[in-house]
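Hi,

Here is the structure I promised to pass on.

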Amino acid sequence: MSNDRAHRILPTLLVAMLLVSCDGARESSGQPPQAAPPSTPASEVTGTTRGDFGPPQGEPVRAVLTSPPNVPPPTGRDHPAKVIVELEVIEQEMEISEGVKYTFWTFGGTVPGSFIRVRQGDTVEFHLKNNPSSKMPHNIDLHGVTGPGGGAASSFTAPGHESQFTFKALNQGLFIYHCATAPVGMHIANGMYGLILVEPPEGMKPVDKEYYVVQGDFYTVGKYREKGLQPFDMQKAIDENPTYVLFNGSEGALVGDHAIKANVGESVRLYVGNGGPNLVSSFHVIGEIFDRVRYEGGTYYQENVQTTLIPAGGAAITEFHVDVPGSYVLVDHSIFRAFNKGALAILKVDGPEDKTIYSGKEVDSVYLGDKAADLAAVTVAAEAAASGEMTLDQQIKAGAALYNGTCSVCHQDNGAGLPDVFPPLAGSDFLMADPKRAIGIVLNGLTGPVTVNGASFNSVMPPMSQLNDDEVANILTFVMNSWGNKGPAVSADDVARVRVNTQRTEGAAH
């Protein structure tokens, strides 16, 4: 071979070797090679033309929109289409927790808003309507839009009006959408966000179950679980100090009868978003490991992931298989948010056990606290208290539901406690001697030896200051009127008086 020919061939061979090496590195790291779709020239893979597969084909398609946690069916198309999306803004009062109301601003009447599913290359004709009953103007910023404000600049819509704009879905991925009307943070904090999935041209890999989950942080004037209609607290939002951190807009959205479901042996895909407006989510499913995560909702994926970060205004696609039955808990692993602010959901898996994989015993009520309980009695008591007609029986039933998730781990379902560790509440001379002292112990905790029914106990009870006055009152009323105890009803006013007269360390919760 001549030197001249060698000089011409060697650079070509080196480039080919580098390309093979890069593709191999991507595959070994869980990152698929980034090749152009068959219908797209390689020269168009980069830049603004990426995903532009030409004009729409066939008749226009009306997008199927679904409410959370449901996901629309795959588009099932091998060509771009004109897709018509119609979404209505509705401001409405809904429950944020048992007995707690909040005025949400919504896309489609739910938090998060309706799930939108299109195909890469589609031309989307977007119609945004603002219900005549709304008090505020709204718009929409879709992170999957290439254009000013993600559509916000074209969609400012007054109550009773409709706006329309069109965009081409150039980039595949899972994208947040949200309201961007000033004050933007307030609109998002009131629940104005959702997800739009732009499928790759070949579609998503089939799975058995798909669900739609979005985390958001909420800021109310009242403290966590304070009953009644709670207004938005702007200063808490500015300080980034949320009252609630929730999946799908409510503590009850994905637990109990509303838990998402799967069967042993099935594959599950979760489309997970984070509406914010402030907090980053450490998304985790307790008892599962994600087979694959498309982090930040993009093209690349990571495998065998325990917890994935989802920024405010971001998303992720998680996939996993379920091998054994039970209740799998979805949490923000900034863990006080899960158990003390509401960021908790349940995936209920049915099917045969496999003792070779897991042999443990499931005890939901202990692990999940009152999230595993039916708190309907709490709502009934709160409504009755608001009207001044709450009965002792209603208060006892509300207290029983709260006790089972808050106190029963230590003091047991039957109030018997644990010998030499936790004192009994059933037939307790110590408890029944002084209701005011009992309130103070619940609020402030108790450390050191006590004598109950002639037996000595030396343990630690942490302060339960996160409980509201009515919750403390209901729990103590239940305890003082159960297991042979015959005591008075404790009122929320009784608790409030003890709380306000309690000296606390500066900066401590009250």
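Below are my notes on a sheet and on a pair of helices.

Bear in mind that this is a predicted model, with local features needing pLDDT of at least 70, side-chain atom pairs counting only at pLDDT 80 or more, and totals for chains, interfaces and linings using all residues. Residues are numbered from 1 along each chain as its sequence is written, and side-chain values use heavy atoms, with hydrogens and water left out.

The sheet: six strands form an open sheet in the order 12-10-14-19-16-17, and the pairing is mixed. (Strands are DSSP runs of E, at least two residues, and helices are runs of H or I, at least four residues, both numbered from the N terminus; two strands pair if DSSP finds at least two bridges between them.) The edges are strand 12 (244–247) and strand 17 (302–305); each has a single partner strand, so one side of each has no neighbour in the sheet. Strand 10 (residues 209–218) runs antiparallel to strand 12, joined to it by four bridges. Asp217 sits opposite Val245 of strand 12.

The helices: the axes of helix 6 (residues 376–386) and helix 7 (residues 392–406) come within 8 Å and cross at roughly 140°. (Axes are lines fitted to C-alpha atoms, for helices over the stretch in contact, with angles from 0 to 180 degrees between N-to-C directions.) On the helix 6 side, the contact (heavy atoms within 4.5 Å) is made by Ala377, Val378, Val380, Ala381 and Ala384. Helix 7 contributes Gln394, Lys397, Ala398, Ala401 and Leu402.

Cheers
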